[in-house]
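Biologist: Could you take me closely through the helical part of this model, and say which of its residues face outward and which are enclosed?

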Amino acid sequence: MTDLLPTDNPEGPSGPSDPSGPDGPGGPERPDAPPPSSLPSPAASADSRRRRLWRAARIALPVLLAVAVVVAAATVPVDYVIESPGPTWNVLGTVDQDGSGGADAAQVITVSGAQTYPAEGALRMTTVAVRGCPGYPVTLLDVLGAWFDTNESVIDRELVCPETMSAEEVEEANQSLMNSSQSTAVAAALLEAGLADTVVLEIRGVTDAQAGAGFVPGDVLTALTVDGERTEITGYPQLRALMTTLAPGTRVTVTVERDGTPTDVVLTTLSPQEVGAPEDTEGSLLGITLTVRVNSDVDAQFGLEAVGGPSAGSMFALGIIDALTPGSLTGGQDIAGTGTISTDGSIGPIGGIQQKMAGAAQAGSSWFLAPVDNCSEVVGHEPEGMTVVAVSTLHEAVEAVEVIASGQTDALPSCQAAN
């Protein structure tokens, strides 16, 4: 039974109620209506609202902070560079990567001044795709993704493209390295093939810091004098070795041959960072761009554009030798590789070799020529189905390619043996 409040029923408090009668004076109170004493006060309602708002804020704040962190991680650039496998080019073919060789496709290498021969297979130069330099920023989310990708590496940006350099300066420095690598590859290849015997270092340009030194494009560098001691320059490796011993700010006399006449140019050497050289470059630099020439009528032109850096030198040199050699040097095999080249034929180490091996494997190469000095980075990271051969000179690289072509490869030097 439901207790009802007293009404004006004349029968009294204990009289029956009329369930069919209207509510109102004299009518029954609704059984579900709360008693007057249970209604919340305005102060209690405000306090309850405050508690609900506080609970909502405690839930929303961490969510908002998490969203802010994610947004920042996805949009704010960080000072790292991500290296990943880049495209490859067969230096025996055309610059179009699919090898279609259309009517407008340029050859990667065009040799002139001597009899050339058709080639089969592939000598594949490899590259690294770099993100994080000016114009190509990376975020924390990009870096986190790269850490979990076995084909990518994360390195300090300062080691690749210092913050002081603009995008244009980085591109110019890389293109300069590529041009130097190409001219050196021509010289090394002709010396290896016995088509030249003398090396000439020709000045191609100067940096802004040395613009007033007095060089003229076409000057041939012949000697360097430091503190009264004169050194005849016979090649780029010798010059670079000498420059590593000189501190930035050293006064030197550069002797050049201009139109057959010896001329002296006095200058102060620059720090490597002043001209955009890598952070680990030792000694100082002259601030000039050199082209390596040899005493030969044979020359080579290169069709690649928008590719920079020095690491394709060894493959360029192999491509030139193949063009000048009867028959196919590769025997139809697909051989990739990397390494800087010196005029004396030395093959030097490069960066990003793991990414280059991965890129070569993706392109279909079964063989990879790696600089001996990179072997510690190679071992344990060889792509499945790829054999890596360790080489230290252009002559060794030529011999390795010939052995691969012959199929008798058991004695090829490996990085495991060299490491």
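**A close look at the helices**

Modeller: Glu171 has 57% relative accessibility and therefore counts as exposed (over 50% relative accessible area; buried is under 20%, and partly exposed lies in between, with a 1.4 Å probe and protein chains only). This is a predicted model, in which local features need pLDDT of at least 70 and side-chain atom pairs pLDDT 80 or more, while totals for chains, interfaces and linings use all residues. Residues are numbered from 1 along each chain as its sequence is written, and side-chain values use heavy atoms, without hydrogens or water.

Trp147, exposed at 51% relative accessible area, belongs to helix 2, residues 140-147, and together with Leu140, Leu141, Leu144 and Phe148 it makes up a nonpolar surface patch of about 550 Å² accessible area. Patch residues have over 30% relative accessible area and no salt bridge, with like charges joined within 9 Å and nonpolar side chains within 5 Å; a salt bridge puts a Lys or Arg side-chain nitrogen within 4 Å of an Asp or Glu carboxyl oxygen.

Helix 5 is largely enclosed by the rest of the structure, because twelve of its twelve residues are buried, among them Met315, Phe316 and Asp322. The end C-alpha atoms of helix 5, residues 313-324, lie 17 Å apart, which agrees with the 16 Å that its twelve residues should span at 1.5 Å a residue (the expected span being 1.5 Å times one less than the number of residues). In helix 6, residues 353-363, the buried residues include Ile353, Lys356 and Met357, and just after helix 6 Gly364 takes a positive phi of about 105°.

Methods. Helices (H or I, at least four residues) and strands (E, at least two) are DSSP runs, numbered from the N terminus. Accessible areas come from the Shrake-Rupley method with a 1.4 Å probe; for residues, only the protein chains shown count as cover.
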